[in-house]
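Dear colleague,

Please find the structure below, followed by a short account of what was found in it.

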Amino acid sequence: MELTEAQFHRYARHLILDEVGEEGQEKLLASRVLVVGAGGLGSPLLLYLAAAGVGTLGIVDDDHVDLSNLQRQVLHATERVGALKVESARDAIAAVNPDVAVERHAARVTAANAGALVAAYDLVADGSDNFATRYLLTEECYRLKRPLIAAALSPFEGQLSTFRPYLGEGHPCYRCLFREPPPPDLVPRCETAGILGAVAGVMGTLQAVEVLKELLGLGDSLSGTLLMYDALRTSFHRITIPKDPACPTCGTAAA
Ligand SMILES: [Zn+2]
């Protein structure tokens with residue numbers, strides 16, 4: 001793929017970096033990323049991936065834009081309240097970068113569709129707000145050997161990691177970290193728990209950086225590490241996640 005004159009101009013600040021350059025930019029334009037959830041995390045994530053020129057963005061979300069979403073879901077707009085989020089996202093992305101093809105999946109991730117969705121992309125970014133989706137993506141990304149970059153939010157905190165358990169030792173999966181989903185009544189969701197909107201912005205933006213690093217093979221992968229952000233203390237810290245040999249998904253004892 002040869003970059004056009006307009007693309008040389010648009011991506012000039014990438015092209016000038018030795019770590020990206022023309023080769024890296026062409027790699028991004030040829031990449032296919034699946035973003036699950038066009039909400040608080042998906043908003044900055046999709047905007048930055050689109051701006052960076054990730055060529056194909058698949059978006060999974062069955063929800064409609066609600067006025068109460070706009071406090072944190074900066075991809076959407078007041079005039080698009082009531083529209084499907086995947087449609088609103090497509091319009092927002094087209095306005096940022098017409099180089100990007102958007103594939104809309106107005107559905108929830110289920111056991112029936114998860115495999116086909118994951119298989120159609122190079123990498124999956126999970127910005128969903130429920131454990132059923134998280135576990136399905138964990139299974140399918142492991143089986144199909146796709147990097148999974150997952151973020152989660154609580155009112156003033158965020159977590160982020162990259163999962164590549166198919167690489168073996170030192171590379172845990174989400175279930176090595178959380179074996180079973182917590183009981184549903186213990187899981188606060190944004191709709192009921194509240195959240196400082198900008199916290200979602202921080203985490204979705206960090207997630208975009210990690211997606212771009214994985215696509216370009218830059219720096220250190222977060223695989224094997226959980227990054228935690230505490231907004232009230234303004235602190236970041238990282239912990240090492242061990243691979244669980246008895247993990248039902250990726251453990252050697254499970255085979
Ligand atoms: Zn595991």
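Arginine 90 is partly exposed, with a relative accessible area of 29%; partly exposed lies between buried, under 20%, and exposed, over 50% (1.4 Å probe, protein chains only). This is a predicted model, in which local features need pLDDT of at least 70, side-chain atom pairs count only at pLDDT 80 or more, and totals for chains, interfaces and linings use all residues. Residues are numbered from 1 along each chain as its sequence is written, and side-chain values use heavy atoms, with hydrogens and water left out.

Arginine 90 forms a salt bridge with glutamate 87, their closest N and O atoms being 3.0 Å apart (a side-chain nitrogen of Lys or Arg within 4 Å of a carboxyl oxygen of Asp or Glu). Glutamate 87 is also partly exposed, at 25%. Both residues lie in helix H5 (residues 85-96), three residues apart; helices are DSSP runs (H or I, at least four residues), numbered from the N terminus. A network of salt bridges links Glu87, Arg90, Asp91 and Arg104. In the whole structure, 15 salt bridges are found.

The zinc ion has as its protein donors Cys173 (SG), Cys176 (SG), Cys247 (SG) and Cys250 (SG), lying 2.3 Å from it; donors are N, O and S atoms within 2.8 Å of the metal (3.2 Å for Na, K and Ca), and sites may look incomplete because water is not among the atoms. Along the chain, the donors follow the spacing C-x2-C-x70-C-x2-C. Cysteine 173 is buried, with a relative accessible area of 1%, and cysteine 176 is buried at 13%.

Terms used. Helices (H or I, at least four residues) and strands (E, at least two) are DSSP runs, numbered from the N terminus.
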